[in-house]
Amino acid sequence: MCALRVLTRSACSSYYVKTSKPYLTTLYQHHSRRNLILEPSASEFVKLHKLAGSDSGIIEVRLDRPEAKNAIGKDMLRGLSHAFELINQNSYANVAMICSSVPGVFCAGADLKAVRVPTIAVIEGVALGGGLEMALACDIRICGENALMGLPETGLAIIPGAGGTQRLPRLVGKAIAKDIIFTGRKIDGKEALSMGLVNYCVPAGEAYSKALAVARDINQKGPVAIRMAKKAINEGVETDLSSALVLEEDCYDQVLNTKDRLEGLAAFAEKRKPRYTGE
């Protein structure tokens, strides 16, 4: 768990670099959309891919450890850290999707602090303990109705230690978070949606398609604006309103002199789709 927290801080430290995504499962149904391997991963259990064509800018980080149901060990942690560093270093990454190649399993245990681009947790199947904590660290969560989520650590005489006790109450409120953590009970997709734990709950098997649609929508927006909006929201909610408004103004100032802003104005005037470059 300490290693997970280190990974969390490492990913966060480069998140707001001025130069400029989602957890998925059942990707075995969508091989045609994964076109280009960016570069060999530091772990055989983590593979990094880039979508092509109109989906250029969407990155997939694929978890592939079926014999252990994607449980996070040192090797996978090393691979995840390597993947996040590559995403943060490359300006063409607009949305990151962390995916599971193992049918019916999202992740048996891991944590992720948001990288600089939007992240979408896509859950088809089991996301317990650290697996749910990984999803909680994402910006958007999408699940299938068959999803099963929970934080069962108290049953092992420990507590969630990769962000669960802090991120869950911020999403669903203290009372519901205490119920989930104290009892260790499991939650299905519909209940998760009703309590605000996930943004969307779709029929089983359709979470990837919904996530890709959301990722495509984000991918069409100005990359710098998306990053600054994420910074303003994430940092702003942790402080008082006056300080948050100053932060918002600072983030707004950083998008005023970008080439993308000028492109957006030109595209609006010319009644065409903008072609953003992240500059």
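Start with what sits over helix H10: the cover on its buried residues includes helix H8, residues 223–236. Keep in mind that this is a predicted model.

H10 itself runs from residue 259 to 270, twelve residues in total. From first C-alpha to last, H10 reaches 16 Å, close to the 16 Å expected at 1.5 Å a residue.

Which residues of H10 are buried? They are Asp260, Glu263, Gly264 and Ala267. Viewed down the axis of H10, the buried residues fall within an arc of 105°, so they line one face of the helix. On the face turned away from that buried side, H10 carries the exposed residues Leu262 and Ala269.

Next, the end of the helix. Just after H10 comes Lys271, with a positive phi of about 55°. Lys271 is a residue other than glycine. Is Lys271 buried or exposed? Its relative accessibility is 78%, so Lys271 counts as exposed.

There is another residue of this kind to list. Ala157 has a positive phi of about 65°, and Ala157 is not a glycine either. Ala157 sits in the loop between strand E10, residues 148–150, and H4. With a relative accessible area of 73%, Ala157 is exposed.

How many residues does the largest nonpolar core have? The number is 41. Those with the most contacts inside this core are Val61, Leu80, Ile87, Ile123, Met149, Leu168 and Leu197. Several elements each supply at least two residues of the core. Among the strands that do so are E3 (46–50), E4 (58–63), E5 (95–100) and E7 (120–123). Among the helices are H2 (74–89), H3 (130–136), H4 (164–172) and H5 (174–183). H2 gives the most, with six residues. Apart from this, there is a second, separate core of 17 residues, which includes Met97, Val122, Ala211 and Leu212. As background, nonpolar side chains in soluble globular proteins tend to be buried together.

Last item: a glutamate in one of those strands. Glu60 lies in strand E4. Why does Glu60 count as buried? Because its relative accessibility is 0%, and the cut-off for buried is under 20%. What does the side chain of Glu60 make a polar contact with? The partner is the side chain of Tyr208, at 3.0 Å.

Methods
Residues are numbered from 1 along each chain as its sequence is written. This is a predicted model: local features need pLDDT of at least 70, side-chain atom pairs count only at pLDDT 80 or more; totals for chains, interfaces and linings use all residues. Side-chain values use heavy atoms; hydrogens and water are left out. A nonpolar core is a set of buried Ala, Val, Leu, Ile, Met, Phe, Trp, Tyr and Cys residues joined through side-chain atoms within 4.5 Å. Buried means under 20% relative accessible area, exposed over 50%, partly exposed in between (1.4 Å probe, protein chains only). Helices (H or I, at least four residues) and strands (E, at least two) are DSSP runs, numbered from the N terminus. The expected span of a helix is 1.5 Å times one less than its number of residues. The arc is that of the directions from the helix axis to the C-beta atoms. Contact means heavy atoms within 4.5 Å. A polar contact is a pair of N or O atoms within 3.5 Å; within protein, one must be able to donate a hydrogen and the other to accept it, and residues adjacent in sequence count only if both atoms are side-chain atoms.
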